[in-house]
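Here are my notes on the model, point by point. Please read them with the structure open.

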There are 2 protein chains.
Amino acid sequence: MEEESRSRNLLVDIYPLRCYYFSSKEAVPEKDDSVVDRIQRMRSNYAANGLRTCVEGVLLVELFQQPHLLLLQVKNSFFKLPGGRLRPGESDVEGLKRKLSSKLSRYNSSVNDDWEIGECLGMWWRSGFETLPFPYLPPSSRRPKECIKLFLIKLPMSRRFIVPKNAKLLAVPLCQIHDNCETYGPVIAGIPQLLSKFSFNIVQD
Amino acid sequence: MEEESRSRNLLVDIYPLRCYYFSSKEAVPEKDDSVVDRIQRMRSNYAANGLRTCVEGVLLVELFQQPHLLLLQVKNSFFKLPGGRLRPGESDVEGLKRKLSSKLSRYNSSVNDDWEIGECLGMWWRSGFETLPFPYLPPSSRRPKECIKLFLIKLPMSRRFIVPKNAKLLAVPLCQIHDNCETYGPVIAGIPQLLSKFSFNIVQD
């Protein structure tokens with residue numbers, strides 16, 4: 001019985017890419033013009049609010065019988081998961097719903113709770129403003145600067161994604177992402193491992 | 001309420017290394033003298049039984065306020081998680097209890113169920129007898145040869161580990177293992193990521 005309920009939790013329904021619709025909305029300007037600007041912004045936010053917590057969504061679709069991860073590509077260069085920084089006092093789930101709506105729905109959408117937030121898959125920590133993230137709190141780090149939490153998002157059988165004009169939403173197969181830090185960075189490159197305990201049930205319409 | 005139960009599942013109690021006792025037992029001979037022998041044995045097992053499923057245990061202790069993973073080092077060279085191959089028809093949990101007892105308890109111990117098997121953390125697949133494992137079933141792989149499943153083991157506050165004389169049981173900090181495929185291979189090197197969603201509660205005696 002216990003084993004049965006274990007396996008049930010490890011089965012994830014995914015739907016073909018063609019079940020989803022894509023359109024665009026006004027560009028959302030990037031907050032920083034340069035890496036230096038970004039670090040400066042992180043420093044002042046840290047001074048004001050302490051540890052920065054980011055929540056990011058892992059959204060999967062089926063293509064060619066394989067699970068694909070939905071990634072935002074910004075300025076035709078770097079890749080991001082949809083998500084962002086929590087406001088002070090905001091819960092992981094509320095913050096992630098707000099961020100998914102702002103990145104993938106109409107901006108002032110009132111249907112924030114149109115997202116089903118699944119389990120936390122992993123967490124990464126940055127001990128300095130300019131350091132790489134690690135999947136643990138580094139032993140010497142007394143005051144971490146950032147925590148990045150990844151959550152599995154359970155997509156419905158169909159929906160419309162509305163993506164800012166300055167970004168693209170791409171479906172990338174797990175085999176291309178695995179261990180490919182150079183292209184995707186360590187957080188995204190590790191997602192196939194974090195998903196490896198699941199079996200995917202491809203639901204055909 | 002739902003969030004509360006989520007976070008409870010993500011808290012793992014770990015105990016200081018000094019709570020555990022270590023002794024040795026007769027060497028367990030390695031099954032193969034060479035890589036060629038090993039591949040030959042995997043081929044004949046596959047012909048007889050099909051897909052080989054291995055179950056392996058992730059055992060954690062505290063040292064210097066940090067979680068450490070228990071690894072077996074064989075012949076002073078390569079590192080292994082305690083575990084091994086399921087018998088035909090055997091369940092993951094039964095097989096892993098049997099293997100943990102044979103690697104870390106008295107050999108003919110009747111206390112097989114002295115192990116608390118926690119959740120499945122990840123799975124790796126080998127599509128050929130000589131290929132690297134991947135954390136997904138490779139798209140082209142119709143008949144995978146091996147599946148390796150990792151489970152979190154919940155250790156009691158104290159216990160004795162009895163290790164074969166030709167192996168050593170080492171406690172290695174997660175920060176040394178992360179992304180260190182060269183020393184530990186891809187499966188072990190990915191464990192810090194698979195554990196990253198957990199918070200560790202260090203229980204002092």
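1. Trp115(A) touches Leu59(A), Lys97(A), Leu100(A), Ser101(A), Leu104(A), Ser105(A), Ile153(A), Leu155(A), Arg159(A) and Phe161(A), leaving out residues up to four places away in sequence. Contact here means heavy atoms within 4.5 Å. Trp115(A) is buried, at a relative accessible area of 3%. Buried stands for under 20% relative accessible area, exposed for over 50%, and partly exposed for what lies in between (1.4 Å probe, protein chains only).

2. A word on the basis of these notes. This is a predicted model: local features need pLDDT of at least 70, side-chain atom pairs count only at pLDDT 80 or more, and totals for chains, interfaces and linings use all residues. Residues are numbered from 1 along each chain as its sequence is written, chains are lettered from A and ligands numbered from 1 in the order in which they are written, and side-chain values use heavy atoms, with hydrogens and water left out.

3. Where does Trp115(A) sit? Its place is the loop between helix 3 and strand 8 (116–126) of chain A. Helices (H or I, at least four residues) and strands (E, at least two) are DSSP runs, numbered from the N terminus. The side chain of Trp115(A) makes a polar contact with the side chain of Ser101(A), at 3.1 Å. A polar contact is a pair of N or O atoms within 3.5 Å; within protein, one must be able to donate a hydrogen and the other to accept it, and residues adjacent in sequence count only if both atoms are side-chain atoms. Trp115(A) and Ser101(A) are 14 residues apart in sequence and 8.3 Å apart in space, C-alpha to C-alpha.

4. Glu90(A) also lies in a loop, between strand 7 (83–85) and helix 3 (92–104) of chain A. Glu90(A) is buried, with a relative accessible area of 18%. Its side chain reaches the backbone nitrogen of Arg87(A) at 2.9 Å. Neighbours within four places in sequence aside, Glu90(A) is in contact with Gly95(A) and Arg98(A).

5. Salt bridges come next. The structure holds 18 of them over all chains. The rule asks for a side-chain nitrogen of Lys or Arg within 4 Å of a carboxyl oxygen of Asp or Glu. One of them joins the side chains of Arg52(A) and Glu146(A) at 2.9 Å, N to O. Arg52(A) lies in strand 3 (residues 52–58) and Glu146(A) in strand 9 (residues 146–154) of chain A, so this pair ties together parts 94 residues apart in sequence. Arg52(A) counts as buried at 13% relative accessibility. Glu146(A) is buried too, at 3%.

6. Asp92(A) and Lys149(A) form another salt bridge through their side chains (2.9 Å, N to O). This pair links helix 3 to strand 9 of chain A, 57 residues apart. Asp92(A) is buried at 18% relative accessible area, and Lys149(A) counts as buried at 19%.

7. In chain B, the side chains of Asp92(B) and Lys149(B) meet in a salt bridge of 2.9 Å, N to O. Both residues are buried. Lys149(B) is found in strand 9 (residues 146–154) of chain B. Among the residues that Lys149(B) touches are Thr53(B), Val55(B), Gly122(B) and Met123(B).

8. How are the two chains related? A rotation of 180° with 0.0 Å of shift along its axis superposes chain B on chain A, with an RMSD of 0.0 Å. The two copies are thus related as by a two-fold rotation axis. The superposition is by least squares on the C-alpha atoms of residues with pLDDT of at least 70 in both. Leu194(B) comes closest to the axis of the residues of chain B, at 2.9 Å (C-alpha).

9. The interface takes 31 residues from chain B and 31 residues from chain A. Of the interface residues of chain B, 100% are also interface residues in chain A, so the copies meet through the same surface. The chains bury about 2,600 Å² between them, 56% of it on carbon and sulfur atoms. Buried area is the accessible area (1.4 Å probe) that two parts lose on being put together, summed over both.

10. Two salt bridges are counted between chain B and chain A. In one of them, Lys197(B) pairs with Glu119(A), the closest N and O atoms being 3.4 Å apart. Strand 8 of chain B gives the most to the side of chain B that touches chain A, with eight residues. Glu119(A), Lys197(A), Glu119(B) and Lys197(B) are linked in a network of salt bridges.
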